[in-house]
Amino acid sequence: MEEQVKLFLKGIWKVGGVVNFQIAVATAKGVVSAKDANLLAENGGPLLITKDWAKRLLGRMGLVERQATTKAKVTPTNFRSVKKQYLADIRSIVFIEDISADLIINWDQTGVKYVPVANWTMEVKGSKWVEVAGTDDNRQITALLSCTLSGKCLPIPVVYVGKSPACLPKVAFPPDWHVTFTPNH
């Protein structure tokens with residue numbers, strides 16, 4: 001059964017998925033349960049699958065805990081056919097349900113820094129230390145940009161971090177913008 005667990009975890013890892021102790025424990029319990037759930041300690045059986053067991057298993061697989069440094073690029077090999085089918089499905093539903101182009105919305109949210117800064121600046125040649133004010137300031141607002149299939153741009157919602165209206169800036173926004181706040185931005 002250990003080989004099945006290893007194979008499953010390698011599959012997750014190869015496509016850029018998260019493999020950690022909790023995933024290893026859950027995978028092992030799933031493999032054992034598929035064979036005979038009564039083997040698991042929580043069901044009265046002899047197998048106790050723990051974080052320490054998972055750590056040893058991952059070690060035998062040559063894997064160590066590391067912080068992610070980049071996003072994985074996951075692209076299905078049949079992307080073009082999946083995309084074609086997806087768009088055909090949307091067209092069919094729009095036609096069957098007679099959905100107006102004004103109700104089909106494309107949107108994206110983006111974080112906008114309070115104080116835009118760059119990591120590059122001009123400095124005297126040979127300088128060993130280059131300081132740029134604000135590079136460690138991560139405060140930002142969230143803006144949602146959207147438009148309809150018919151080409152209409154929708155009012156922009158802007159979300160600030162805060163617990164009351166006092167966190168909002170004292171400026172006049174365009175009247176059709178929705179400016180709000182949330183404590184868990």
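Glu2 is partly exposed in the predicted model, with a relative accessibility of 29%, where buried denotes under 20% relative accessible area, exposed over 50% and partly exposed the range in between (1.4 Å probe, protein chains only). Residues are numbered from 1 along each chain as its sequence is written, and side-chain values rest on heavy atoms, with hydrogens and water left out. Because the model is predicted, local features need pLDDT of at least 70 and side-chain atom pairs count only at pLDDT 80 or more, whereas totals for chains, interfaces and linings use all residues.

Five salt bridges were found in a search of the whole structure, a salt bridge being a side-chain nitrogen of Lys or Arg within 4 Å of a carboxyl oxygen of Asp or Glu. One of them joins the side chains of Glu2 and Arg60, at 3.0 Å from N to O; this pair links distant parts of the chain, since Glu2 belongs to helix 1 (residues 2-14) and Arg60 to helix 3 (residues 51-60), 58 residues apart. Helices are DSSP runs (H or I, at least four residues), numbered from the N terminus. Arg60 is likewise partly exposed, at 45% relative accessibility.

A further salt bridge, at 3.6 Å from N to O, is formed by the side chains of Glu3 and Lys6, which are three residues apart in helix 1 and therefore separated by about one helical turn. Glu3 is exposed, with a relative accessible area of 55%, whereas Lys6 is buried at 14%. Glu2, Glu3, Lys6 and Arg60 are linked in a network of salt bridges.

Key:
Helix = DSSP H or I, 4+ residues; strand = E, 2+ residues; numbered from the N terminus.
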